[in-house]
Amino acid sequence: MRIAFVSGNREKLPDACVPLGLLYVMASTPRRHERALFDLCFEQEPEEALQRWLERTPHDLVALGMRNVQNNDYSGINDNIAYYRGLIDAARRVSDAPIVIGGGGFSVMPAELMEHLRPDFGISGEGEQAFARLVDALEVEGTEGVAALDAIGSLFRFVGGVVVGNPPEPEFLVMDDLPVPDRSLVDDRYSTRYGIESVQTKRGCALRCDYCTYPLIEGRVGRVRRPEAVADEMEAVMAARPETRHFFIVDSVFNLPRRHAKNVCRALIDRDWSVPWTCYANPLGFDREFAELAVRAGCAGMEIGSDSGCEEVLKRLRKGFGTAEIRRLHETCRDTGLPDCHTFILGTQGESLGDVARTLDFVRDLDPFAAIMMIWVDDHEALEPALRVKRMALREQIEAMLSACTPDHPNWIIPPMGVNFDAQVFRRLRRGGLHGPLWQHLRGFAGSPRVTGIA
Ligand code: B12
């Protein structure tokens with residue numbers, strides 16, 4: 001079968017991200033199939049570009065990667081759905097091939113997206129095995145073919161006009177069994193313009209944070225890679241793309257399990273690794289030895305989903321840690337010279353304005369290297385009109401509080417209000433030769449602005 005893989009993602013904030021998930025799926029597609037990749041990230045007119053490419057690329061199946069439903073301030077959900085619907089319609093105008101969609105964005109709301117986007121198939125969660133089995137099943141005709149489709153875990157399709165989703169596979173994939181993504185297929189502009197690469201050291205997150213969608217994508221069962229395989233992959237990326245300036249370890253939380261994270265750091269140290277990298281970290285399982293190893297292994301900073309400075313809110317969000325653990329993490333970072341950036345989400349369900357004020361006080365007192373302030377976005381349609389009005393008023397009050405704080409906190413980033421976060425800031429940052437997350441360039445520990453060129 002000839003498969004046309006299409007990466008739909010065009011988001012470039014905070015960075016353009018290589019289509020790692022789609023590359024994993026491609027790498028696991030049996031060699032007997034022809035595979036071609038088209039990445040829409042840098043296309044000016046994506047629908048037209050897709051049509052032109054499909055017209056000149058013989059194919060029997062279109063495999064579309066959908067990474068994001070939301071954008072950075074979580075305001076763009078409708079835009080992204082309309083965009084992907086436009087891509088599918090455009091493909092249909094020039095191609096009769098079935099369309100299968102998958103990716104992190106698709107996986108967070110697969111049934112709804114099937115309805116909105118109307119592809120032929122959708123695969124939710126890890127795609128490697130399910131996609132390979134779908135390709136096989138599509139080659140089988142009649143009732144046997146239908147039975148083969150029924151047996152594919154997390155496959156969505158229309159049966160009698162209604163969306164039907166198969167139950168997930170009982171087992172998750174073993175990461176060391178998966179072929180490594182082929183970076184030679186990746187557009188040069190990811191490394192030449194943005195300089196950032198992505199690497200995954202494990203899948204699965206056992207944490208139970210109330211709102212989190214990550215387990216929908218990679219499950220709760222942790223599956224780690226051999227640390228040497230991670231280091232091999234990172235070295236291979238540098239050999240192929242020496243212009244790479246930064247890596248992002250895309251694991252949901254890198255430091256859990258702690259032993260694995262330390263071993264990855266040790267594998268990098270053994271190879272005198274020096275290219276900076278960033279990861280997500282959690283106050284649980286964060287100790288001094290890990291921080292020290294990470295610094296020696298080239299870590300340029302860690303992003304922590306601290307979420308709140310209020311004990312009750314942290315409990316309600318089922319974070320599993322309190323403010324004491326956040327403080328301990330910050331002190332460890334400060335003592336080991338590891339920049340820490342904490343994300344806080346203000347105005348979650350049940351949170352009062354007083355709770356928000358307590359969180360802002362907590363952040364001021366904590367004084368982390370950087371803080372990212374998000375405002376909770378409600379699903380307005382699901383709210384009673386009276387509650388909707390109340391929640392909208394709370395949002396306005398939170399915005400007013402944040403506006404009052406910003407002059408004193410140059411190291412606070414507030415994406416929903418465009419504070420220290422818009423396309424222009426990023427353009428100046430990259431033009432100034434600075435790579436990696438923006439927050440790492442905002443200030444030094446002493447509080448003095450480190451980079452003046454971007455303010
Ligand atoms: C690391 C990460 C980041 C890093 C990326 C750094 C980098 N250089 O790569 C940073 C911090 C920059 C980031 C930014 C954003 N992110 Co982010 N990110 C992640 C995270 C944790 C991992 C993504 C990843 O690379 N995974 C590893 C790859 C291998 O997995 P994968 O892409 O999911 O692919 C697998 C499956 O999805 C599937 N699959 C993938 N493609 C296809 C295609 C087909 C045809 C099929 C069948 C299957 C398939 O198979 C793959 C292999 O198993 C995920 C959450 C998560 N745990 O997955 C969120 C996530 C992808 N991000 C998300 C979002 C929204 C964003 C942002 C828009 C802003 C934000 N608010 O966070 C920006 C957009 C950036 C961009 N340019 O697109 C959402 C997307 C879904 C949604 N809710 O809209 C996620 C799911 C988190 C969430 N909130 O729910 N992100």
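The domain assignment of the protein, automatic or taken from a database, divides the chain into domain 1 (2-165) and domain 2 (188-441). The model is predicted, so that local features require pLDDT of at least 70 and side-chain atom pairs count only at pLDDT 80 or more, whereas totals for chains, interfaces and linings use all residues. Residues are numbered from 1 along each chain as its sequence is written, and side-chain values use heavy atoms, with hydrogens and water left out.

The C-alpha centres of domain 1 and domain 2 are separated by 28 Å. Contact (heavy atoms within 4.5 Å) involves 23 residues of domain 1 and 27 residues of domain 2. The buried area, defined as the accessible area (1.4 Å probe) lost by two parts on being put together and summed over both, is about 2,200 Å² for this pair of domains, and carbon and sulfur atoms contribute 61% of it.

Four salt bridges (a side-chain nitrogen of Lys or Arg within 4 Å of a carboxyl oxygen of Asp or Glu) are found across the interface of domain 1 and domain 2. A salt bridge also joins the side chains of Arg430 and Asp15, with an N to O distance of 2.9 Å.

On the side of domain 1 that touches domain 2, helix H1 (20-27) and helix H4 (104-108) each supply at least two residues; helices are DSSP runs of H or I, at least four residues long, numbered from the N terminus. H4 provides the largest share, three residues. By class, this side of domain 1 comprises twelve nonpolar, five polar and six charged residues, where Ala, Val, Leu, Ile, Met, Phe, Trp, Tyr, Cys and Pro count as nonpolar, Asp, Glu, Lys and Arg as charged, and the others, Gly among them, as polar.
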